[in-house]
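Please look at the chain below before reading on. The report that follows goes from its overall layout to a few single residues.

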Amino acid sequence: MKRTEQILKLADQRGIIRPRDVEAVGIPRAYLSMLCKSGQLERRSRGLYARTDAPITQNYELQEVAKRIPSAVFCLLSALSFHNIGTQSPHVIWISVPKSTWKPTVEYPLNLTYVTGTAYSFGIQEHIENGVPLKVYSPAKTVADCFKFRNKIGMDVALEALKEVWRDRKATADELVEAAKACRMYNVMRPYMEAIV
């Protein structure tokens, strides 16, 4: 198989590719420029390439962030939007990363939350969009995070998320309790959960 065909096949499989993806299969990164000049690939942003006919979906920005920051888990307002919970429309991308992670440089406005242990690892779901794996917190974990970071996003957002997740059955009472305990928010959330259950 020709090198250009290998790269195009890789782009079809992964949605977005980076120069390191091409080099990992033994192809020099110069081939990316050649494919861009021929119109078969396009440079979507610095170091990220996709097929010219690849769709740009609603979550395209999340795909780019996921490619650049593999440890990123989409949280808070970005997770609410991803799960279609509430009325918030985030103007920045919200991600959680382990506390030791360096501050990434991306072309999108980011709001980072540094967390450790269970607060980071609990409730991660992986969704594949156009071949790109996106790590997003579950609806229950997202609600617990909204209560944990209520000073950043507002108590009204946390309450709206809790009510909607319960009403639309996106999480059970047990899942909400488990997530609240993982985030050490059980005592804060319990009165609100008791009021809606």
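The C-alpha centres of domain 1 and domain 2 lie 31 Å apart, where domain 1 covers residues 3–51 and domain 2 covers residues 59–195, with bounds that come from an automatic or database domain assignment. This is a predicted model, in which local features need pLDDT of at least 70 and side-chain atom pairs count only at pLDDT 80 or more, while totals for chains, interfaces and linings use all residues. Residues are numbered from 1 along each chain as its sequence is written, and side-chain values use heavy atoms, with hydrogens and water left out.

Between the domains, twelve residues of domain 1 are in contact with nine residues of domain 2, contact meaning heavy atoms within 4.5 Å. In the UniProt record, an unreviewed entry, the feature "domain: AbiEi antitoxin N-terminal" is placed at residues 5–51; such annotations may be inferred rather than shown by experiment. That span is 51% helix and 19% strand, and its end C-alpha atoms lie 12 Å apart.

Taken as a whole, the chain has eleven helices and seven strands, which are DSSP runs numbered from the N terminus (helices: H or I, at least four residues; strands: E, at least two). Its C-alpha atoms fill a box of roughly 60 × 35 × 25 Å along the principal axes. Of the 197 residues of the chain, 45% count as buried, where buried means under 20% relative accessible area, exposed over 50%, and partly exposed in between, using a 1.4 Å probe and protein chains only.

Why can helix α7 be described as largely enclosed by the rest of the structure? The helix spans residues 139–148, and nine of its ten residues are buried, so the rest of the structure largely encloses it.
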